[in-house]
Amino acid sequence: MSDHISATHQMAGGSAYQPRRPGTLLVATLATAVAAVSMLSSAAVSLIAGRSLLRSYVSDELGLEIDSEAVGSVVDTAVEAAFGSLQARAYVWLFLAAIVVLLLLPVRDGRTWARVVLSVLTPVVVLLGLRDLTDMVSPITGFAAALAVLGTLLAVVACWLPATNRYVRTRKQSRRSQPR
């Protein structure tokens, strides 16, 4: 298949041939959306229910009943110390989710800059997701982190598959060949 668009691909009326968007970009867009929703849900759970999740996690791990005042204050101190870290991660998830949401339409269109930004962002998402998975403060945040990681990885792979690259190349050539 030639990368050059010939005159036979010109449609009636002089408009240039518009290539069909491949299914790989649909997969990339859906995976990006799943990743963004997962990031938002992980951040929301951490910010809204973080303290109570940490409190139950600490008491379960230590095997303590929090009925007594002395034990309760020790657990509360540990929870407050850990909540700072959980809260910081939640804000990073919110920031990453905002970037990923902004990339949805450009990824769907196969914009090269969006594919590059998503590719650069993916290792950060993977590392943060693995951090959430190793903590396992809550199964909900662990599940959301795993979905964010898998969604971002799937999106990056789909963005760089040969069908996507052909579509981007053909669309670029079609724009260059149009009269200005």
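Start by selecting Asp109: its relative accessibility is 17%, so Asp109 counts as buried (buried is under 20% relative accessible area, exposed over 50%, partly exposed in between, using a 1.4 Å probe and protein chains only). Before you move on, note that this is a predicted model, where local features need pLDDT of at least 70, side-chain atom pairs count only at pLDDT 80 or more, and totals for chains, interfaces and linings use all residues. Residues are numbered from 1 along each chain as its sequence is written, and side-chain values use heavy atoms, leaving out hydrogens and water.

Arg108 is partly exposed, at 33% relative accessible area.

Next, pick Arg89 and Asp132. Their side chains form a salt bridge too, 2.7 Å from N to O.

Then go to Glu80 and Arg51, another salt bridge, with the closest N and O atoms 2.8 Å apart. Glu80 sits in helix α2 (residues 69–108) and Arg51 in helix α1 (residues 23–62), 29 residues apart. Glu80 is partly exposed at 43% relative accessibility, and Arg51 is partly exposed at 41%.

Zoom out: the whole structure has six salt bridges.

Last stop, Arg175: look for it in helix α5 (residues 162–177). With 38% relative accessibility, Arg175 counts as partly exposed.

Methods:
Helices (H or I, at least four residues) and strands (E, at least two) are DSSP runs, numbered from the N terminus. A salt bridge is a side-chain nitrogen of Lys or Arg within 4 Å of a carboxyl oxygen of Asp or Glu.
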